[in-house]
Amino acid sequence: MLKLNKYSTMPRVNHFQAVAIILMCSTWPLKVTASSHPKNVAHKSAISLKKAHTVYKSLSYAAQQRRYNRALLLAQEKVKRSHATPVIKGDAQDKAAVRAQNRIYIEQHPEWFATPYRPHHLQDGSGFAGNEHLRTVTEQIITRLQHQLGKQYVWGGESPEEGFDCSGLVFFAYNKLLAAKLPRTANEMFHFRRARNVADNDLQRGDLLFFHIHTRNKADHVGVYLGDGRFIESPRTGERIRISSLNDDFWQEHYLGSKRILTDNTVL
């Protein structure tokens, strides 16, 4: 309790008492006159302190209530999402019938897909170079790359007229035939979400090979696998676009990993 008289000076107050004083001055103004008694002032100060305490508690409760409401909304959203994924009930025959009906719907509504619909999307579970269209796209990209053989390395280059750096060559050859466009730099390509990791013993024609030449864990060089341990690359300043061997000691020492970008879900 604050004890004030006409001779006292303002004592040091804590945060809670400061709130009480603000409330006294704003919401509960006291008319101090010469006839005002110190006991009356102290009594009204005590009432204001109680009111301030009540306000402080109510604000804390409101904050808790907001947290509760946020958690409730999050739980409701999770329920909606779980209901959004249909669950096919019944035996294997019933499920097969539903899938067959879904294929009919898909053929009738190609606008549902960001890329052109092809029936083998549902027949080829791998989505890799096991179908004719994907092989055709892969060969078109390889042909675009081979047409650049012998051209000068140019840092930042990404066109046949000016030349290419390593990622610029890949950027030029792939993006014209991809629905999901590759980013520009080698490290961004290495972390591209639509690209799939590839085991060393599962490399296919058209896979991207990444190397760390000047860094430890960051991809700063990229080439395109051609098969039989060979890849095409735009190496460095002073060199020309060429075909190299992945089995060379230098490339084995700096090899970072491989990514597959050519799938049914990414090509046009």
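Mentor: Start with arginine 260, which lies in strand β8 (residues 255–260). Strands here are DSSP runs of E, at least two residues, and helices are runs of H or I, at least four, numbered from the N terminus. The model is predicted, so local features need pLDDT of at least 70, side-chain atom pairs count only at pLDDT 80 or more, and totals for chains, interfaces and linings use all residues. Residues are numbered from 1 along each chain as its sequence is written, and side-chain values use heavy atoms, leaving out hydrogens and water.

Trainee: Is arginine 260 buried or exposed?
Mentor: Buried, with a relative accessible area of 3%. Buried means under 20% (1.4 Å probe, protein chains only).

Trainee: Which side chain joins arginine 260 in a polar contact?
Mentor: That of aspartate 207, at 2.9 Å. A polar contact is a pair of N or O atoms within 3.5 Å; within protein, one must be able to donate a hydrogen and the other to accept it. Also, a polar atom of the arginine 260 side chain lies 2.8 Å from the backbone oxygen of aspartate 202.

Trainee: New topic. Which residues of α4 meet α5?
Mentor: Ile141, Arg144 and Leu145. On the α5 side they meet Leu169, Phe172, Ala173 and Tyr174. Contact means heavy atoms within 4.5 Å.

Trainee: How many of α5's residues are buried?
Mentor: Eight of its ten, so α5 is mostly covered. Among them are Cys166, Leu169 and Tyr174.

Note on methods. Buried means under 20% relative accessible area, exposed over 50%, partly exposed in between (1.4 Å probe, protein chains only).
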